[in-house]
Amino acid sequence: MKIVGSYPKTRLRRLRKSKWKRDLIAEYNISRNDLILPIFIREGKNKIESIKTMPGVYRYTVDKLNIVLKQVKKYNIPLVAIFPYTPKNKKNNLGTEALNPNNLVCKSIRYIKKKFPKIGVMCDVALDPYTSHGHDGIIINNKIDNDETNKILIKQALLQAKMGCDIIAPSDMMDGRIGLIRKALDKKKYYDVSILSYAVKYASSFYGPFREAVGSKSQLKKDKKTYQMDFRNSNEAFREVGFDIKEGADMVMVKPGMIYLDIIKKIKDNFKIPVLAYQVSGEYSSIKYAIENKVLDENSILESIVAFKRAGACAIITYFALDIAKKIK
Ligand code: PBG
């Protein structure tokens, strides 16, 4: 890159002088269309429950979802991602609750599609909310078994599509699941159901608060390093993305987001596919706690989100989605 101009003929501060000038030349702006709100759901009736590790985030019973969805509608957030908090007595080794047509996710999709048909719904495909060991796949001979897990994930995805889910988001990191899920969806003529692959998902400490939110934290034995990515690597991120595009992914996700902006940027530059980013629970809570303790101010939220746009993300999943949407005109 050749830099032209020099002081004193050129003064870079000239363009920073007034707000209107700064706004005029701003390269990246967040719009409400860029935001995806994750929502946690729980069993029971008439309850909105706070989550210890995520101040400002709540678990809703299905009948209370309208409280948050009214806001989503009012502020024109296009898409919500739903995550279930499954009671212990419904978890087992095989995560069979994932395939129950009356589980929390299925009930929520039906509720949203009936009462708020214009709001998009996306769902995780993975078994961790449902397994007694907290892993995303099933365990055979002490290992997370890839191919046997895939068989269940296909059924989970088909069930979500049947309930009316718009975007299927496999977050399990099993090899080959995108192709298998696409094939199964097509066979049942779910041509319009999109797949957003969590193609690049690192084994991260920044998921801690989320695991508390979905109740898998105390369950989880060992870590997820045999299937989620090693944070010392970037090459395999591109292999993951390349494979998933070939298998039929419509969009890919990088997760966590804030600490992997380099990966987002390189995918954006090298693959012609929409890249989304997930500002995960640990990233959210770090900022939120700092704001609550007056270590950071509220503007840090928008700054953290614009960073994703600069890196090339087209949309961001963030627990701050409503806070941001309220601020944007
Ligand atoms: C489950 C899943 C996780 C997140 C989204 N889906 C956690 C994990 O893999 O352990 C993390 C989201 C967040 O931290 O906000 N497959």
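Visitor: By class, how many nonpolar, polar and charged residues does the shell around the ligand have?

Guide: Classes first: Ala, Val, Leu, Ile, Met, Phe, Trp, Tyr, Cys and Pro count as nonpolar, Asp, Glu, Lys and Arg as charged, and the others, Gly among them, as polar. Here the shell has seven nonpolar, three polar and seven charged residues. This is a predicted model, where local features need pLDDT of at least 70, side-chain atom pairs count only at pLDDT 80 or more, and totals for chains, interfaces and linings use all residues. Residues are numbered from 1 along each chain as its sequence is written, and side-chain values use heavy atoms, with hydrogens and water left out.

Visitor: Which residues come nearest to the ligand?

Guide: A residue is near a molecule if one of its heavy atoms lies within 4 Å of it. Of the 17 residues around the ligand, the nearest are R211, K224, K255, S281 and Y319.

Visitor: Which polar side-chain atom lies 2.9 Å from an oxygen atom of the ligand?

Guide: A polar contact is a pair of N or O atoms within 3.5 Å. The atom in question belongs to Q228. D124 places a polar side-chain atom 2.8 Å from a ligand nitrogen. The side chain of D136 also has an N or O atom 2.8 Å from a nitrogen of the ligand. Protein covers 100% of the 400 Å² of accessible area that the ligand has on its own (Shrake-Rupley method, 1.4 Å probe).

Visitor: How many disulfides does a search of the whole structure find?

Guide: A disulfide is a covalent bond between the sulfur atoms of two cysteines. The cut-off is a sulfur pair within 2.5 Å. The search finds zero. For C106, the nearest cysteine sulfur is that of C123, 8.0 Å away.

Terms used: Polar contact = N/O pair within 3.5 Å; in protein donor to acceptor, adjacent residues only side chain to side chain.
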